[in-house]
Structure formats: structure tokens, C-alpha cells
Amino acid sequence: MNNTTTIPGIQKGYYPLKILIIILLLLGLGLFPFISGNRFYISLITEMMIYGLLAMSLDVLLGYTGALSFMHNAYLGISAYVVGLFLIHISPTSLWLACFTGIIFTSLVALPVGWVQVRTGGLAFALLTLAFGMMFHTIVWKWYGVTGGDDGLMGMPNPDISLFGWNLGNTGNPVTIYLFTLIIVTICFFLTRRIINSPFGAVLEAIRENEDRASFVGINVRMYKLLGWMLACILASIAGALFILYKGYIGPSTMSAFAGAGVLMMVLLGGLGSLWGAFVGAAMFIYIQDYISTMSEHWEIYLGLVVIFLVLFLPTGFVGLGEHLKRFRKG
Amino acid sequence: MVELLCTENLCRSFGGVMATNRVCFSVDNQGLTSIIGPNGAGKTTFINIVTGKIGASSGKIFFKGKEITNKPTHELVKMGICRTFQINSIFENLSVFENLRIARQAKDGGSLRIFSSKQSLKTVTEKTWDLVERLGLKDLAARPAKNLAYGDQRVLEVAIAMAGDPEILFLDEPTAGMSPTETRQISKLIKGLANEICVVLVEHDMDLVMSISDRITVLQYGCTIAEGTPEEIRNNEQVREAYLGKEE
Ligand SMILES: Nc1ncnc2c1ncn2[C@@H]1O[C@H](COP(=O)(O)OP(=O)(O)O)[C@@H](O)[C@H]1O
Ligand SMILES: [Mg+2]
């Protein structure tokens with residue numbers, strides 16, 4: 001306590017167990033395609049990682065700034081379309097430039113939307129996300145000449161992934177895109193964790209806790225809410241770039257309100273405010289979706305039941321499971 | 001000499017009701033000024049206007065000779081105008097330490113650092129510890145604010161405002177709901193503060209107001225009906241009427 005540079009609640013030093021688990025998990029994921037070779041699972045896990053990144057970006061928005069977005073998938077979609085259009089029409093081989101364009105374009109769209117949204121709050125903010133999201137969905141759906149409308153974006157080339165002159169493989173190869181996704185998502189995860197634990201992250205938390213008081217300690221609430229919104233949209237746009245490279249296709253349904261609710265469910269399944277919980281939630285959601293849809297066309301009903309069960313009996317999501325069990329054992 | 005803060009004919013109406021009516025108020029660099037008046041007199045509304053929570057309908061506010069009417073709250077706080085709330089407004093799920101640390105960080109800057117740790121803001125952490133020790137909150141530092149006893153939350157409410165190093169501090173009924181012991185504790189804190197900065201206190205406890213105020217302003221129906229030293233206010237006919245009238 002005499003040490004005036006420590007902050008209570010933040011332990012210093014490393015936790016060997018935690019680090020070991022992370023290394024084993026990453027190693028396991030990294031080696032998986034070489035051990036299994038099962039194309040189906042390689043694709044499934046790729047999708048889980050991409051949606052995990054999207055869910056994590058929503059967790060940043062909801063869990064750290066307290067802003068609810070019903071259609072965060074719109075920003076994945078916009079980015080995916082832009083990256084796809086860039087590769088189709090401008091340069092089929094400039095992968096990095098395409099991704100960069102997608103992220104910048106999405107940010108440019110998200111900025112004015114966020115500017116409007118942070119001037120409202122709570123439910124009005126949430127409803128505006130829905131309004132903007134549906135607007136984007138309709139534009140993509142109806143603008144046949146550019147987006148392909150209902151048919152989606154066709155004729156995506158498969159660019160090579162090259163870094164500093166090294167060719168790391170082709171995005172058409174499921175194993176390559178799997179590893180590429182793993183690397184990018186891992187980097188995004190650790191960067192986001194870093195940001196959340198920074199002085200900037202502390203400001204977001206204060207705003208989430210009590211917006212009014214935050215402004216009365218001298219925080220420009222609107223500006224920081226907008227920055228939090230931009231962070232969430234940029235992460236979603238990175239997920240969008242990965243999505244189109246992995247699928248080689250995107251259709252308007254990816255940007256629908258239904259898909260938006262799905263992303264929200266992923267976050268709630270995993271539990272708010274932990275970042276990694278979003279990945280667990282996304283993995284569970286996609287697995288359930290995939291597993292049940294092989295047995296019944298109406299997989300949404302079963303998913304709905306799972307979500308209702310979780311909301312009623314495990315409102316803190318998967319992340320809160322440990323706490324729940326502890327309390328249960330104590331009686 | 002220019003006053004630290006003054007208002008000129010400050011008005012604010014809510015649907016025709018003048019909650020603040022042509023209030024001219026001024027305070028100097030330090031000392032304790034109390035604002036008293038019956039419930040609904042417009043005391044909180046006055047603080048709300050001056051601290052930027054709500055806009056003024058008309059009139060002007062000056063801080064160190066510069067006009068600050070209708071400036072956004074966060075800018076006023078940065079200039080040194082802080083406040084507490086009549087009803088606790090704290091960061092409930094954050095630790096006591098973090099409640100104060102974030103206020104300090106907002107004052108000192110560094111909030112745009114996105115890739116460094118909170119600990120990297122060393123002076124912020126050190127100054128927060130200073131404040132924690134000064135207020136005797138050391139044992140509670142790691143606790144979530146919502147788990148504190150009401151009296152301690154009330155102290156935290158004041159502490160958060162103090163963490164921003166204000167030049168003028170508005171305290172809206174800081175002793176509301178406190179026991180006599182806790183009231184004595186917090187009045188000691190307020191007296192100490194008034195030796196360093198300008199404190200404006202809204203308070204119902206007359207004994208407390210009379211004993212610690214340097215000057216007192218009395219509001220009724222949004223208007224200033226009296227202004228002066230505790231002695232002058234005690235003997236003011238109009239003030240007596242206002243208070244006696246209420247007791248009937
Ligand atoms: N946001 C508001 N909307 C409408 N009327 C309000 C609002 N805030 C305060 N008032 C009215 O203004 C008057 C003064 O209230 P207030 O400043 O809270 O009094 P005090 O703090 O002196 O008890 C009251 O009549 C109250 O009903
Ligand atoms: Mg009041």
C-alpha cells in the first residue's frame with residue numbers, strides 16, 4: 001500500500017497458468033489444419049473467428065461504452081462489399097490496399113452515423129443503429145448494378161497474401177485463409193485488450209457507468225463515445241475484410257436485421273465486457289446454427305430457445321458461468 | 001478586483017415557472033458561501049445553470065471576468081468549476097480508487113493514450129493516493145463504490161469533485177441523509193476546503209450553515225431575497241418570514 005504507483009484492483013506480474021492456456025490455445029488453433037485436414041471444420045472455425053472478432057467489437061461498444069447497436073453487422077457488410085468491389089473492379093491482386101480501402105471507407109460511413117448517434121443516448125441510440133443499419137441493408141439489396149442486389153457480389157478473385165515480398169499463399173486455399181484469419185484476429189484481440197486497459201479505456205468505462213458524472217469530472221462525453229463507436233466500427237470492418245476473403249462472396253442477408261440480432265446474441269451468449277467471451281459466444285452460436293440446420297430448417301427456433309434459457313438462467317453469459325457455479329456450490 | 005465567479009440577472013424558467021429569477025450572485029477566491037432557501041426555491045437549478053447541466057433562459061455568468069454562460073460542462077470543469085449532487089452520482093461498479101483516479105486523469109490529461117497502461121500515468125496515480133489518504137478512504141480504496149455505506153458514498157461524492165482540483169466547488173446538500181456524526185465529519189472537510197478554495201454550499205441544517213459560512217445568500221421562488229453575513233441573515237426580517245411562513 002505504501003507504493004503509490006500501484007492501482008488497487010490491478011495485479012502486477014504475470015499469471016503463468018493464464019499465459020500457458022493462451023499459448024496452448026493458439027498453438028492448438030494454429031496446428032489444427034495440419035492435424036485434422038477436415039475442410040469442413042477448418043471453414044467452420046474460420047467463420048467462428050471472424051464472427052468472434054465482430055462480436056468482440058460489439059462487446060467493446062456495449063460492454064465498455066454501454067451503447068447498444070442492433071445492426072453492427074452492417075459495418076462488417078459495408079467493408080466486405082468495398083473490399084470485394086475493389087478486388088473485382090480495381091485491382092484483383094492488391095489485397096492489402098483493398099482491405100485498407102474497406103476499413104477507411106467503412107470508417108468514413110461510420111463517422112457521420114456515430115456523430116448523429118452520440119447526440120442521442122440509450123434507447124434512441126439503439127433505435128438509430130437499427131434505422132441506419134436497415135438503410136444500408138436496403139441500399140445494398142436494391143443497388144443491383146453495383147452490389148449485385150439479391151444475388152450478392154459475384155466473381156471475387158482470389159488474391160495472394162504477400163507480406164514484404166513473401167508470398168504466404170492464396171486466399172482461395174482454406175488453410176491459408178484460416179491461418180491468416182487466426183493471425184489477424186489474434187492481433188486485433190490483444191490490441192483491443194490493450195486499448196480497453198488504457199487510460200482511454202478507463203474513460204469509456206466511466207462513461208458507461210455514469211455519463212452525467214463523467215461529464216462533471218471533465219470528460220467530453222460525446223467525443224469519447226464517438227471514439228468508442230469508431231473503434232467498434234473499425235474492428236467490424238476488419239472482420240468484414242476477412243469475411244469476403246474467406247467466403248469469396250457476400251450477399252445482402254449478411255447485412256440484415258436478423259443477422260444483426262445474431263451478433264447481439266453472440267455477445268450475450270458469451271457474456272458482456274470480457275472480450276474473450278464474445279469469441280466463445282460466436283463459436284457457440286455458429287456451431288448451434290450449423291449443427292441444428294443440418295437437422296431442421298427451423299434452426300432459429302432452437303437457437304431462440306437456447307437464448308431464452310440463457311437469459312433466464314445465466315444472464316451473465318458464459319463468462320459468468322464460473323461465478324454461478326461457485327455460488328451454487330456454496331448453496 | 002474581479003470576482004472569481006458572478007452571475008448577472010440569471011434566469012431560467014420551466015414552462016412559465018421561474019425556477020431562477022434575476023439572480024445576481026458573486027463570490028471571491030476563497031471562503032464559504034452558503035445558499036439557503038425553502039424546498040423548491042431554485043437552489044439546485046441555480047447550480048445546474050452555473051455548472052452547465054442546463055442552459056440559462058437569460059442572463060450571464062462570468063468566471064474570472066470571462067463569460068462562460070451556456071458553455072459545456074466538461075469545459076467548465078477543466079476551467080476549475082466542479083460540483084457534487086444532491087442525490088449521489090458516483091461510478092457505482094468502479095472501485096473507490098478508480099472513481100477518483102478517473103477524475104484526476106480527466107483533469108491532468110492522458111485520456112487519449114490508447115496503447116499505454118493506466119499505471120503509466122504516474123502523477124495521476126500518486127495524486128489519487130494523496131487524496132485517498134487525506135480523506136481516510138485508504139481501507140476502502142479497492143472496494144466497488146456501490147458496496148460502500150451511504151455515508152462513505154456521500155464522502156466519495158465530494159471526493160470525486162475534489163479530485164479535479166477545482167477553484168470553485170458547488171456542494172448540493174452534502175449532508176443529506178447523514179447521521180449527526182457523519183455530518184460533523186463532512187462539515188470539517190468542507191471547512192478545510194474553504195480555506196483553500198471557494199466553496200458554495202447548499203444546506204438545510206441551519207446550525208451548520210450559521211456556524212461555518214462566511215456569507216449567506218437566501219433564495220425564495222427563484223429570487224434572491226437576502227444576502228450577507230450569518231449575523232445579518234439571522235436578523236433579516238424577510239428571511240424570518242420566509243422560514244416562519246414555511247413552518248406554519
Ligand atoms: N427539470 C425541471 N423541469 C421542470 N421543473 C423543474 C426542473 N427542475 C426544477 N424544476 C422546478 O424548479 C423549481 C426549483 O427547483 P430546485 O432548483 O430543485 O429547488 P431546490 O433545490 O431549491 O429545492 C421547483 O419548482 C421545481 O419543480
Ligand atoms: Mg435541491
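Guide: Let us begin with a definition: a residue is called buried when its relative accessible area is under 20%, exposed when it is over 50%, and partly exposed in between, with a 1.4 Å probe and protein chains only. Helices (H or I, at least four residues) and strands (E, at least two) are DSSP runs, numbered from the N terminus. The model is a predicted one, in which local features need pLDDT of at least 70 and side-chain atom pairs count only at pLDDT 80 or more, while totals for chains, interfaces and linings use all residues. Residues are numbered from 1 along each chain as its sequence is written, chains are lettered from A and ligands numbered from 1 in the order in which they are written, and side-chain values use heavy atoms, with hydrogens and water left out.

Visitor: How many residues of α1(B) are buried?
Guide: In α1(B), 7 of the 8 residues are buried, so the helix counts as mostly covered under the definition just given. The buried ones are K43(B), T45(B), F46(B), I47(B), N48(B), I49(B) and V50(B).

Visitor: And what follows α1(B)?
Guide: The helix is followed by G52(B), which has a positive phi near 85°.

Visitor: Which residues surround ligand 1?
Guide: The shell consists of F14(B), A19(B), N39(B), G40(B), A41(B), G42(B), K43(B), T44(B) and T45(B). A residue belongs there if one of its heavy atoms lies within 4 Å of the ligand. Helix α1 of chain B (residues 43-50) gives the largest share of this shell, 3 residues.

Visitor: How do those residues divide into nonpolar, polar and charged?
Guide: There are 3 nonpolar, 5 polar and 1 charged. Here Ala, Val, Leu, Ile, Met, Phe, Trp, Tyr, Cys and Pro count as nonpolar, Asp, Glu, Lys and Arg as charged, and the others, Gly among them, as polar.

Visitor: What lies 2.7 Å from an oxygen atom of ligand 1?
Guide: A polar side-chain atom of T44(B) does. On the backbone side, an N or O atom of K43(B) is 2.8 Å from a ligand oxygen, and a polar backbone atom of A41(B) is 3.2 Å from one. Taken alone, ligand 1 exposes 560 Å², of which the protein buries 57%. Such areas come from the Shrake-Rupley method with a 1.4 Å probe; for residues, only the protein chains shown count as cover. A polar contact is a pair of N or O atoms within 3.5 Å; within protein, one must be able to donate a hydrogen and the other to accept it, and residues adjacent in sequence count only if both atoms are side-chain atoms.

Visitor: Which protein donors does the magnesium ion have?
Guide: The donors to ligand 2, the magnesium ion, are OG1 of T44(B) and OE1 of Q86(B), lying 2.0 to 2.3 Å from it. They come from distant parts of the chain, 42 residues apart: T44(B) is in helix α1 of chain B, and Q86(B) is in the loop between β6 (81-83) and α3 (96-108) of chain B. Donors are N, O and S atoms within 2.8 Å of the metal (3.2 Å for Na, K and Ca); water is not among the atoms, so sites may look incomplete.

Visitor: Why does T44(B) count as partly exposed?
Guide: T44(B) counts as partly exposed because its relative accessibility is 27%. Q86(B) is partly exposed as well, at 31%.

Visitor: A change of topic: how many salt bridges are there over all chains?
Guide: There are 14, each being a side-chain nitrogen of Lys or Arg within 4 Å of a carboxyl oxygen of Asp or Glu.

Visitor: What does D212(A) form a salt bridge with?
Guide: Its partner is K53(B), with the closest N and O atoms 2.8 Å apart. This pair crosses between chains, from helix α9 (residues 211-216) of chain A to the loop between α1 and β4 (58-63) of chain B.

Visitor: Where do R101(B) and E98(B) lie?
Guide: Both lie in helix α3 of chain B, 3 residues apart, about one turn of the helix.

Visitor: Which residues are linked in a network of salt bridges?
Guide: The network links R104(B), D108(B), K127(B) and D165(B). Within it, R104(B) and D165(B) have their closest N and O atoms 3.2 Å apart. R104(B) counts as buried because its relative accessibility is 6%, whereas D165(B) is partly exposed at 46%.
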